[in-house]
Structures are given as C-alpha cells and as structure tokens.
Amino acid sequence: MSSHVRVNPIACEAHGMCAELLPERITLDEWGYPVIDDTPLHGSQVAHAIRAARACPTFALLVERERAKSGSGRR
Amino acid sequence: MSLPLATSNAYWYLTRSTGAVALLLLTLALVLGVVDVQRWSTPRWPRFLVDSLHRNVALLALAFLLVHVLTAVLDSFTSIPLIDAVVPFVGSYRPFWLGLGAISFDMILAVIATSLLRQHIGFNAWRAIHWLTYACWPIALLHGLGTGSDVKFTWLLAISVLCLLAVIAAVLARALIGWPSNLRVRGAALGGTGAFTLFLVLWMGQGPLSSEWARRSGTPVKLLGHTHAAAAGKAR
Amino acid sequence: MNATMSAGTDRRPRADTQRAGSALPRVLAGVRDGAHLTLAQHDAVHGPLPAVRGRGRRHAREGAARMIEEIAQSGLRGHGGAAFPVATKMHAVANARGRAIVVANATEGEPASLKDRTLLELLPHLVLDGGVLAAEALGADRLLVCVCDSSASAYEAATHALAERADHNESGVQVELVRTPRHYVAGQESALVNFLNGGPALPTFTPPMVFERGVARRPTLVNNAETLAHMALIARHGAAWFRELGTASQPGSALVTVSGPVVHPGVYEVEHGSSLASLIDACGGASVRLRGALIGGYAGTWIGEQHLRTAALSNDHLAAHGATLGAGVVVLLSERACPVAETARAARWMADQSARQCGPCLNGLYALADTVAELVRGEAGPTAGKRIDRLASLVARRGACGHPDGAVNMILSATEAFAEDFSRHSQHGPCELCSRPAELPLPARPVDRDARRGAEGAR
C-alpha cells in the first residue's frame, strides 16, 4: 500500500515548512506555494512526510494512502 | 503534612526559582511565536526550526510551571491548596495576586491542550484560543510581581524588565508589520501594551517595591513578620 | 451583461431546423415569440409528468431504479460544462449514505451564456419536472433551484411556476427557490453547495465530493438546469428517442448561446454533432468576416477562422481542436477585433474571478494576465511565449477547483489559434485594431463576491 503527499490549496498559506522537511517531494514556486510531486513515498520518506504534515501550521499538507477516489486523508 | 523545615525551605526556593524560569521561558515562547507568525527565517534558522522551537519552549515552560505550582502547594509555610492553582481568588495567601497566577495558568493549559489537539478542533478554533497567549503573559507577570517574595531583589527586577522589553518588542513587531490592515485590532494591541507598561511603572513604586506590600497584598497575618528559617533576614 | 449582449439582442430562442426530418425543437418545443409556457401549456406540449415511484415501497424502489437506468441508456451528459454522464452521478448519490437532496443549478456565472436563465424564464416547468423526477429517482425529499440574483425575470418566472404547481405536487418533493451570487465560480458544484450550507459561494476542497456529503451533509445531486430539462423529456419519451439525435457518445440536443457579429445572436437548440457553420447560418449569418470563435466560454478554447467552416458541435469533434462545447457557449470574433487584446481582457477578467483561496491560481492568473497585457502593448519581449508556457504549467491543477485550468486553457489556445497576431504584437506592439471597442461580452461591474451567504436550503 503506497502513500503520497497532497496539499489542500485552500488551507495552504505558503509557510513553506513542508518543503524544508520533505524536499524529496515538495519544492516551492516563485510565490512560495508548494509544488507537489505525487510519486509514491518510499520507506523512511513516509515518516518524514508525516512529520512535514504535522509541522504545517494550517494542516494543508496531507499524507494519503493510494489514490482512492473518495480520498482518505491521513495526517 | 509534617515535613522537616529544611524540605519546606527547598519547596519555597523551588517555587520561586521555577516561577522565574517559567517567566523567562514564557517570554521566549511568545517571542518565538511572533518570529514564527511573521515568517522570519534564514538558511540556518529554517521555518520548521523556529516553529518547533516555539512549541518545545512552550512545553518546557509548562513543565516548569507544573513544578512551580506543585512546590507552592507542597510548601507548608504557606497553606496553598492545589485548587488555588486553577480556581482564582479562593485562597488565603495573597488571594488576588495568586489568583492572577491561576488565571494565567488556566489560559496556558487551554492554549497547550488545544495546540496538542489541533487536528481535532480545526484551525479557526485553535487560533482563537491561541490569542489568549497575549493575555496570559501580562497576567503572569503581575502574578509574579504581586505574589513573589523576591521582587525587591535586583536580579528579579532585572529579569522582569528584560522580559517585559522582549515582549513589548515582539508585540510591536506583530502589530506594526502589515500596519495598518486590521487597524482596530493592531491599534488596540499597541494601546494595551502602552497602558500596561505605564501601569507597571506607576504601580511598582507604591506596590511590590513598597515596604508594606506583604501586608497589603494579603499575606495571612500569622505569616507576617515570620520568615522561613533559611530565608531569615532576606525576604519580606 | 454589458451593452453588446443585452441591448438589441433578439433573445427569442430558435430551433436549428437545418437537418432534414429533424426532431428539433425538443427542449424549446412550444416556445413562441419569447413567451413563457404556463403549466397548462407545458402539459399540452409535453404531456403529463410521469410518475416515477408509483404506489408501495417496492414499486417505488423499482421505479426509481428504472428511471436511473433509462437515463443511463440515454447517455445523457451534463450541460453545465463538464459533460459528465448523468447516470454515473445519480448512481453515486444513490449509493451514498443518507437521504439525497437535488440541486438544480441555474446560477449561470458564465457571462457569455444565457441558456439557463432563458430556460427558467420560458420553460420553468420543464426544469422543475426534471428536478422532481431526479429527486424521486434518488428518494430525495428536497429540490433546491438556484438562480443567480441578477436574473430577476428568471426568478419571478420560477416563483410563478412553483405557485402553479403548488396544488399538483403528488411527488411530495419540497421545492425551494434560492438566489445565488453572480460571480463566475459561484456556480461551481462545491461552491454552490458551500453557499447552500450557509458559507460563501466559493469552491471547497474535495474530498468529500458533494455526491457523498453536500448540502446539510447529505448526498447531493447537482445538475445544470438544462440537464434536468432533458431528463424531463427522456422520462416521457424514452432513451431510444433521445438517442435518435446526436452522436453515439454525446446523444441528444443542446442549448447553445451564440454571441458576436451575427444577425440574430441568442439561445439556440442544436443537435450534437451538427456543424458550427449551420448554427451561424441559423443565426442569420455573420454580419462581418469572422476571425475566430471562443467555444465553451471563458474557460474554453479559441479556434481560428480556418476551422470555423469545419468545426462540429460535439465534444468528440471539438477534441481535434482541443476544445469542448462546455456549457454551450459560442462567442464569435469579428475581423475588426484584435484577438490578442480580447484575450488580454478575458485573461484579466478570469484572474479577477479567482476565488482568491489558492495561491497558485490567484498569483498565476494575474501573472498570466499581466504577461498577455504586456504582449498587447509590445512590452513583453521575446521571452513572453516561454513565460506564458511556464506560468501555465505552474498554475494548472494546483487550485482547489478547475478555474485556473480553464483560464490557462483559454489563454494557451489563443496563442495557438492566433499565433501570428501574438508574434506580431511581441515584435511591433499594438496593432490598429487594439484601440477598437471591445467585443467579448464581459461584465463591467466589479465583482461583489461577499454579497450573500445562503440562508435557505441548509438543514
């Protein structure tokens, strides 16, 4: 079962902590907003992704299992 | 409980020292909170670091506060029951000034509890409660100045002034950057800070720094004129 | 709507009678001289509303399942822009937990579209029939009909129609009329549901999708008003009848709003797959030479003059041009307009219409609009094209809704369809057409986004 990160663009306020904590999947655009690479996470990256999601001040970053249609967000 | 006086002195020292350290840590947490919300960062001080530091310093402050409260309760010199720690103004020892500590402590508990449970209460509710931090700090300071027995010592006054300056600087930074959006709120913050500082300056001389303060602040009569054996001659 | 659209426009809907032996008009049947149909007239033209649920619980369930099956067989797709298969949506709502609720979406935030308010003004009973049928098929007890608050006549007509039906409501479905704000994204599915729940008419993050949890946290079917009108006809005449017109993947007919330099702009009913050229002829032909057309609205696609003769009005055919019919919008551009200047106006307007909730959309659309505006003025420099491409890839799919994607699609299609004009502008600056009056119908008034929150419908 694979996980990937996803951002809620409405909640996101461009704090940028996610890109600091998960640079493997997240970079910031010229306005400070995250550009997400939704490739599945491997092994230890999941723990980093969860830490990044917890660090987000507005809970905009989500770590999701698979790519289910009705979505199961897990923070 | 009947404990040897020496232990009782240890509690008294602990409660005073942990109180002072808690004030320093709360000040640091507030300043870091402002640095966090203003999004200041450098390559060596990334955003996540400021944020984690803010959270951890706040938790450390809580740890010191818990020791501060417990040792005050355990100290047999003053009879301060545990309930006085969370319910204000019901005690017998300097009820008003101690009560301020209870109020501040309650606020800090609320802020930290909501922060730990953020994902369950939602962002807006969390943020509304978090604003209490700006209220709990001055109340904690007044508690320390009103209740504390070390107020007349230079070291404590220096610490208090230092913390006050740090918080004023933080509040100014928060209120003035992005000025004048939300003019009313920012104006009120600046006005409140100015009024509080003015009050402190005017009050300290006739309050905690005056010779009659222990009696006027509500120290129980039987304790007046008595001092802890180890602190004889020092505190009043 | 600005002056170009409302004054002097013949808004009488007409039927495209081009195809020999056609069964059009369908939706527009019975409309004469722009007068609306009363309940009696509606029944005379279409026959009585069929009962879906019949008597008894078993019959009710079977009737509902049969209705959805009929819609599935018909291949009906949504007419709100996405052309999503209606039966699939209905199945999703039917399978979700909780009592369903149906929303008829006639908000029509697209400035170049008139079909939904026209439908409500002239044929409210057809829309209401469809809404009630959908509600019965899903076991829903409420139907919310949403009308933009700037179409007073549509609202009045709907109110009047509801009053006419007050004594004939055997279905037991409670119908309510709701006025919605007029900005562009207000009609987006999640935005509309957000509004009906008492929030602002701005899109929300999904999941959960509205078919799982929408109005009052109930599974919600949101359908465009025209879609419901077609549903009302399918319930009466059957899926096979519906498929007699149109293409295999897009059967039936559609309402199209035509604007621009034709003799009779307005709302027309066309068969899916019929040619754009025949539609222009049905409008009385173009009064000047045409440069191109914007198909599908401001989130749609520009096509150049060389394709005007060959384009056909179905998503399959239009896919070759990278376009879709969208909500049935065709805006024709005359040779007297500068396509680059018009694109700049449209891009600026789409940026203004951002809900401003997502950074990439808000920042990206304004950056794109600025770049196109610089192109118009000749200040953009040789890298403008690259900048547009980079911004476009930076913006697409990074918003909570499809708004930025639509704007990007519109702008990119303009740079392709009018490549020569764009390159001339980047080298030589403004052309002599730039200073001519604007042609694209765009509202002049500033957007009043925070006007209202939905007070009704949320329980």
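**Two packed helices in chain C**

Biologist: Which residues in H15(C) does H14(C) meet?

Modeller: H14(C) brings C:Pro360, C:Cys361, C:Gly364, C:Leu365, C:Ala367, C:Leu368, C:Thr371, C:Glu374 and C:Leu375, and contact needs C-beta atoms, placed from the backbone, within 7 Å. This is a predicted model: local features need pLDDT of at least 70, side-chain atom pairs count only at pLDDT 80 or more, and totals for chains, interfaces and linings use all residues. Residues are numbered from 1 along each chain as its sequence is written, with chains lettered from A and ligands numbered from 1 in the order written. On the H15(C) side, the partners are C:Ala384, C:Arg387, C:Ile388, C:Leu391, C:Leu394 and C:Val395.

Biologist: How many residues of that contact are nonpolar?

Modeller: Nonpolar here covers Ala, Val, Leu, Ile, Met, Phe, Trp, Tyr, Cys and Pro; Asp, Glu, Lys and Arg are charged, and the others, Gly among them, are polar. Where H14(C) meets H15(C), 2 residues are polar and 2 charged, and the nonpolar count is 11.

Biologist: Are H14(C) and H15(C) roughly parallel or antiparallel?

Modeller: Their axes, lines fitted to C-alpha atoms over the stretch in contact, come within 10 Å and cross at roughly 165°. Angles run from 0 to 180 degrees between N-to-C directions; under 35 degrees is roughly parallel and over 145 roughly antiparallel. So this pair is roughly antiparallel.

Biologist: Which helix gives the most to the side of chain C that touches chain A?

Modeller: That contact takes 14 residues from chain C and 10 from chain A. Helices are DSSP runs (H or I, at least four residues), numbered from the N terminus. The top contributor, with 3 residues, is H14(C).

Biologist: And how many charged residues does that side of chain C have?

Modeller: Going by class, 8 are nonpolar and 4 are polar. The charged residues number 2.

Methods: Angles under 35 degrees count as roughly parallel, over 145 as roughly antiparallel, 65 to 115 as roughly perpendicular and the rest as oblique.
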